[in-house]
Amino acid sequence: MKSKFHKLSKNTTTVSKKVILFSILLIAIACQKKETTLPSQTKWVQDDHSFAQPNKAVAKHLDLDIKVDFDTQTLSGKASWTIENNAKGNEIIFDENTLNITKVTLGDDEKETQFQLGDSVEFHGRPIHITIQPTTTKVNIYYNTTKKSVALQWLTPEQTADKKKPFLFSQGESIWSRTWLPCQDSPGIRFTYNAKVTVPKDLMAVMSAVNPQQKNDTGIYTFQQDKPIPSYLMAIAVGDIQFQSIDHRTGVYAEPSVIKKAAWEFAKLGDMVNAAEKLFGPYRWGRYDVIVLPPSFPYGGMENPNLTFLTPTVLAGDRSLTSLLAHELGHSWSGNLVTNATWDDIWLNEGFTTYVEHRIGEAVFGVKEAKMQDVLSRKVLQDNLTDLGITSPDTRLKVNTTGKNPDDGLSDIPYEKGYAFLQTIEAAVGREKFDAFITAYFKAHSFQSITTEDFVTYYKENLIKGYKALADKIKMEEWIYKPGIPPNIITPISEDFNAIDALQKTWRQTGVKGLSQKITSTNEKQHFIDYLPADITTEEMTAIDKECNFTNGGNFVVRRQWFIQALKHHYKTAYPAIEQFLTTYSRTGSLTPLYKEMAKTPEGKTWANQIFAKVKAGYHATTLEAVQQVLK
Ligand code: BES
Ligand code: ZN
């Protein structure tokens, strides 16, 4: 009996061992599977900038088939949306703005269905109400864009670097994707996509997806984005584009005359991706490439997945402006992997990215460089606070953009106050702990769109964990929901800048000779220029310019800062260069400070209006809108 029992028991043990082993195997397989199937967004929040009602019916995947026509300056084709009709109702709502919708069909057999356009709302466009069946899984929207599309800029050959072929690029953020693609245009809604794009045979197309590296002779390009992205990250560029590889997973696209310069300038791109991975966890998107666009690109950069879009103004020739690359790359974690659910939460994108940018910068370019960047950052914050007023609700991290064009309300606050807040947490808990927290935060919310309140919950549960003393030290609520700056903000110090400050105190007595040898890096130049004495004379400006050659010899950022001072102090020698600067580029954030300075005097405003009238045809729609606001 005993032995029988024993035997039985032994058998049972063997069986259960096998069961356990088998279960472990199953769990391992399941876990592996979980790694490859990406999570799906299931939580919907109210987004005032979209007409979509994703809780009822939501778009999950896009098959896009479009033709790019430079003669009529339109895109036309079909957007086939795979949808989930959660409510099993009879309607799905998409966003559109200035599109021409010609037909809507359902399913692979393309049965025509009814659609209705709602009333147009300023900046928002119109809802497309499409009649569906409870069982509908596919909605095909036939459409073409119009000349009014804000997202698309169609450039003539003269507006490109090579001046030979036309060029097209899109800019979706914040709410402009709906002007080139009928979509559920909310950052809280994510979808994957495939696209087939037909372009003139002498041009090549690239998108925010896996991209071709060579022109083909059919003019047909296909794309795949198998990670769920929000609509504002849909992007396309078409032109005479070449590719040059940097390392095994990074590379650069540009026009033929720019490609070599760009590849040289961005030599550290691969190192940056490696540094970022070491800090914040794996890069989840496969390749990371950048494209240098013509000078009318309205931003410094735009973090389109797999392919950052860049202004050519970063090509300084000495790799001195590459912190912008670190910023756009940083969005591969903060923004593209973990996305703001609404535009009121934009600090989750831009503040986190500014933090990530500085950390990548420190890892790749060193602590001295990082300290200088920190001081520059803090000045931008201080100036912006002074501009807006420290009690202004626009200085809260969580903003209210309801009823507004989100781009209009965009200040430096989400970037720089967001950065300062995250630095404050880092200082309170120590870098090691904060790095682990932020890496876990990215992992926990991968491919999710979240609100500020989701962040707050995660922060309380995973960092504060009930420690009141720590919560009091950080003052999270004050940072996020109150205007101005809490008293626990850190003051960064750079010894290199202290040396520049010392020079600033003496050059008026000792003369400007030798300054150019002592103020050498872009950061130092910017810091020196920004703190020139308020009562500087024209003679002194002239002497500095002779010594340092800021007007003609500086890179884009140095010139921008110098021109602000030139305008402030009526240094007229620089005026032709300023006019040329405002005429050549359309980088909104860099032009508006100059226009603002000009608008301060009646003569300045007249001059600004004259320049604007001359150049506005070449400006991007976003730049037009921003400059108009300044000059109104
Ligand atoms: N995502 C932004 C650009 C953007 C923000 C476009 C909001 C539309 C609405 C991009 O990452 C960015 O922040 N660009 C900056 C450069 C950066 C180095 C601060 C820019 O263009 O100035
Ligand atoms: Zn950004």
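This is a predicted model: local features need pLDDT of at least 70, side-chain atom pairs count only at pLDDT 80 or more; totals for chains, interfaces and linings use all residues.
Two strands pair if DSSP finds at least two bridges between them. Two bridges join β10 to strand β14 (residues 236–239), and the two run antiparallel. Within this pairing, F169 has A237 of β14 as its bridge partner. Strand β10 also pairs with β9, in the antiparallel sense and over four bridges. Here the bridge partner of Q153 is F169 of β10.

Strand β10 is covered on both faces. F167 and F169 are buried on one side, and L168 and S170 are buried on the other. In a regular strand the side chains alternate between the two faces of the sheet.

K163 is found in the loop between β9 (152–155) and β10. Its phi is near 60°, a positive value in a residue other than glycine. S174 is in the loop between β10 (167–170) and β11 (190–198). A cis peptide bond, with omega of about 0°, joins E173 and S174.

An open sheet of seven strands was also found. Its order is β5-β4-β8-β2-β1-β11-β13, and the pairing is mixed. Strands β5 (111–112) and β13 (220–230) stand at the edges. Each has a single partner strand, so one side of each is left without a neighbour in the sheet. Strands of a sheet pair through backbone hydrogen bonds, either parallel or antiparallel. Strand β4 (residues 100–106) and strand β8 (residues 138–144) pair in the antiparallel sense, over six bridges. Among the residues of this pairing, V104 has I141 of β8 as its bridge partner.

T98 lies in the loop between β3 (91–96) and β4. Its phi is positive, about 65°, although T98 is not a glycine. T98 is partly exposed, with a relative accessible area of 24%.

The largest nonpolar core has 132 residues. W81, W180, M207, F421 and F455 touch the most other members. Beyond four places in sequence, the contacts of W81 include A59, H61, L62 and F94. T137, K138, V139 and I141 are also among them. Another core, of 43 residues, lies apart from the largest one. Its members include W507, V512, L515 and W607.

A search of the whole structure finds 35 aromatic pairs. A pair of aromatic rings is described by the distance of the centres and the angle of the planes. The rings of W81 and F94 have their centres 5.8 Å apart and their planes at 40°, so this pair is tilted. The pair links distant parts of the chain, with W81 in strand β2 (residues 74–84) and F94 in strand β3, 13 residues apart. Both W81 and F94 are buried. A further pair is formed by W285 and F447, with ring centres 5.5 Å apart and planes at 65°, so it is edge-to-face. W285 lies in the loop between α3 (269–280) and β17 (288–292). F447 lies in the loop between α8 (431–444) and β21 (448–450), so the pair ties together parts that are 162 residues apart in sequence. W285 is buried, at 6% relative accessible area. F447 is buried too, at 0%.

Charged side chains also sit over rings. R319 lies over the face of W264, at 3.8 Å from the ring centre. The charged end of K379 sits over the ring of Y531, 5.3 Å from its centre.

The zinc ion (ligand 2) has three protein donors: H327 (NE2), H331 (NE2) and E350 (OE). They lie 1.9 to 2.1 Å from the ion. Along the chain, the donors follow the spacing H-x3-H-x18-E. H327 lies in helix α4 (residues 323–330) and E350 in helix α5 (residues 346–365), so this pair ties together parts that are 23 residues apart in sequence. H327 counts as buried, at 8% relative accessibility. E350 also counts as buried, at 3%.

Methods: Residues are numbered from 1 along each chain as its sequence is written. Chains are lettered from A and ligands numbered from 1 in the order in which they are written. Side-chain values use heavy atoms; hydrogens and water are left out. Donors are N, O and S atoms within 2.8 Å of the metal (3.2 Å for Na, K and Ca); water is not among the atoms, so sites may look incomplete. Buried means under 20% relative accessible area, exposed over 50%, partly exposed in between (1.4 Å probe, protein chains only). Rings of Phe, Tyr and Trp (its six-membered ring) pair if their centres lie within 6.5 Å; planes under 30 degrees apart count as stacked, over 60 as edge-to-face and the rest as tilted. A charge sits over a ring if NZ of Lys or CZ of Arg is within 6 Å of the ring centre and within 35 degrees of the ring normal. A nonpolar core is a set of buried Ala, Val, Leu, Ile, Met, Phe, Trp, Tyr and Cys residues joined through side-chain atoms within 4.5 Å. Contact means heavy atoms within 4.5 Å.
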